[in-house]
Amino acid sequence: MLSLKFLYNTPLGSFVTGWRKKREGKSGKDIVLADQDPTLDLDPLRASYICSIPRAQWFKGVLLQGYLVHPNILRGLDDFEVRDDDVFIITYPKSGTTWSEEIVSLIYNDGNPNKVKNKLLNYRVEHLEVGRPIGHLRHLRKLKSPRLMATHLPLPLIPKRLRQGKCKIIYVVRNPKDNAVSYYHHHRMSTFLGNYKGTWEDFLYLFMKGHLVYGSWFDHVLPYWRFQQDHPERMLFISFEDLKLDLPGMVAKIASFLERPLSADAIDAISNHCTFEQMKSNNMVNREVLPISDLFDMTQSKFMRKGIIGDWKNYFTEEQNIDFSKLYNEKMEGSGLEIIFDPEEIDNRNNNGGNVANGKLDNMQSET
């Protein structure tokens, strides 16, 4: 079994990953080592965060990790060949990526969990930009159709033919307050993100400013939301909250979008298999078993932690919530995107016309 320490902190590992070539500045104008950013001194919190990410790099202005995201991969993304029968799952990190991947994988296995019980999810749904330092894109090209793939990249960075709506895309959004909390714990446990040691307060500041790996939640979600409106036949836009509140209904909706309708029994089988409790104990998806041993430090947090709506209330102070709601309203004004921040909003929306309308949080009901 490989380790990040071997791949990036030994001479042999550096030779295998080609990281030394990267240090020599051969990555091209679109890829810049983050520690060479001339603006680092302008914001000490931002600088401290960026310097805590091992081998951090800028790719076309978006901050990315350095471990397992090699410049060779990034340089080949724009011209990556997309097939008509590919399926891409796209998310901002910690929005329900693993959950949706498992659902889609099971849909392509006829709703039969027994077919995937001994195969790690990362071999069933391949990640586009995170992978083998050598030959990753070649490996993806050799995969048999239909290929199931995932990415966290913002819309301008995905392959050109994917931006043209070449294949089916499922985009999963999560309310940004819960997303921030989950991403905070993900940073604490992830070796490739530097096992974040800062405070929740500082992390929320970075989240709101869009300084984190993969950039701003708003800059990620809104362009894909507009893309879906332009390509409704090619993109299904769903939410973590949709999955949580009506998993069988969402499984059926995803299967229909993928043109792979399932029987009622198959939908029930997937729904039972993909409850949070089942997923958390499933070593094929919970990241307890991986081909690289030290990706995560599970003493800090579990990869699958709570899986609930509204955990943000346990972290946001009243002042933080007011500031975040103000930012949210400014960014989401006129978008038409409705986001659920609490399960009780469903009843409120039905009774009062919605407390999240046109992307706007009602000040009264957004308070903790």
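Author: Contact here means heavy atoms within 4.5 Å. This is a predicted model, where local features need pLDDT of at least 70, side-chain atom pairs count only at pLDDT 80 or more, and totals for chains, interfaces and linings use all residues. Residues are numbered from 1 along each chain as its sequence is written, and side-chain values use heavy atoms, with hydrogens and water left out.

Reader: Which residues of helix α4 are buried?

Author: Arg46, Ala47, Tyr49 and Ile50, in a helix that spans residues 44–52. Buried means under 20% relative accessible area, exposed over 50%, partly exposed in between (1.4 Å probe, protein chains only). Helices (H or I, at least four residues) and strands (E, at least two) are DSSP runs, numbered from the N terminus.

Reader: Why are they on the same side of α4?

Author: Because they cover an arc of only 165° around the axis, taken from the directions from the helix axis to the C-beta atoms.

Reader: What covers them?

Author: The cover includes β2 (57–59), β3 (62–64), α10 (176–189) and α11 (200–209). The face turned away from the buried side of α4 carries the exposed Pro44 and Cys51.

Reader: Switching to backbone. Where is the cis peptide bond?

Author: Between serine 145 and proline 146, with omega about -5°. Proline 146 sits in the loop between α8 (136–142) and β6 (148–151).

Reader: And tyrosine 214, what is its phi?

Author: Positive, about 80°, although tyrosine 214 is not a glycine. Most residues other than glycine have a negative phi.

Reader: Is tyrosine 214 buried or exposed?

Author: Buried, with a relative accessible area of 4%. Tyrosine 214 lies in the loop between α11 and α12 (217–230).
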